[in-house]
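Let's take a walk through this one together, starting with the overall fold and ending with a few individual side chains. Keep the viewer open as you read.

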Amino acid sequence: MAARATLHCLTGCAIGEILGMVIGTALGWGNMETMVLAIALAFFFGYSLTLRSILKAGVDFRTALRVAFAADTLSIAVMELIDNGVIALWPGAMDATLADTLFWGALAISLAVAFVVTTPVNKWMIGRGKGHAVVHRYHH
């Protein structure tokens, strides 16, 4: 269950992270601006995927938003910290362009490392009835 919750989180984070990195890099933005955009979009898409599934269960928007925030905030934050930390520490990754193998390789590896680190966090949260355990109450 923790791996599935983390994969769900990774999907939203990856969409936002990749989109943010591509947009910032394509526009020639600096590293900090690109990273801020990528993190903001990762949170947006991470919350959006959870929100979508809760709303499909017939929950009102305000309640669904609270559940999504409660379920995903720690998971997304850990994933983004690890993902961006790997990219920031990887020599040359922050200066790579969209045409560089280093850009795509570092991004893929950083997301994989983030998945591995975040899975135990989600397991811990689910074991305490938090995180995606809350979301599963709304699935039929």
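Helices here are DSSP runs of H or I with at least four residues, numbered from the N terminus. With that in hand, remember that what you're looking at is a predicted model.

Start with the big picture. The secondary structure amounts to five helices and zero strands, so the radius of gyration is the next thing to look at: it comes out at 16 Å, close to the 14 Å that the globule rule gives for 140 residues, so the protein is as compact as a globular protein of that length. Along the principal axes, the C-alpha trace spans about 45 × 25 × 20 Å. Of the 140 residues, 40% count as buried. The accessible surface comes to about 7300 Å², and carbon and sulfur atoms own 71% of that. As for contacts, take those between residues at least 6 apart in sequence: 71% of them join residues at least 24 apart.

Helix H1 covers 2–26. Its 25 residues reach 35 Å from first C-alpha to last, close to the 36 Å expected at 1.5 Å a residue. His-8 sits in H1 and is partly exposed, with a relative accessible area of 25%.

After H1 comes Gly-28, with a positive phi near 75°. Trp-29 lies in the loop between H1 and helix H2 (31–56).

On to H2, which has 26 residues and reaches 37 Å between its first and last C-alpha, close to the 38 Å expected at 1.5 Å a residue. Which residues of H2 are buried? The list is Thr-34, Met-35, Ala-38, Leu-41, Ala-42, Gly-46, Tyr-47, Thr-50, Leu-51 and Ile-54. Just after H2, Gly-58 takes a positive phi of about 90°.

Two of those buried H2 residues, Ala-38 and Ala-42, turn up again around Glu-80, which belongs to helix H3 (residues 61–89). Is Glu-80 buried or exposed? Buried, because its relative accessible area is 4%, and the cut-off for buried is under 20%. Leaving out residues up to four places away in sequence, Glu-80 touches Cys-13, Glu-17, Ala-38, Ile-39, Ala-42, Phe-43 and Gly-85. Glu-80 and Met-1 are 79 residues apart in sequence, with their C-alpha atoms 21 Å apart in space.

Finally, hop over to Ser-110 in helix H4 (residues 101–127). Ser-110 is buried, with a relative accessible area of 0%. What does Ser-110 touch, once residues up to four places away in sequence are set aside? Its contacts are Asp-83, Val-86 and Ile-87.

Definitions and conventions
Residues numbered from 1 in each chain as written. Predicted model: local features only at pLDDT ≥ 70, side-chain atom pairs only at ≥ 80, totals over all residues. Heavy atoms only, no water. Helix = DSSP H or I, 4+ residues; strand = E, 2+ residues; numbered from the N terminus. Expected span 1.5 Å × (residues − 1). Rg over C-alpha atoms; globule rule 2.2 N^0.38 Å. Buried < 20%, exposed > 50% of the residue type's maximum accessible area, 1.4 Å probe, protein only. Contact = heavy atoms within 4.5 Å. Areas by Shrake-Rupley, 256 points an atom, 1.4 Å probe, with all protein chains shown as cover.
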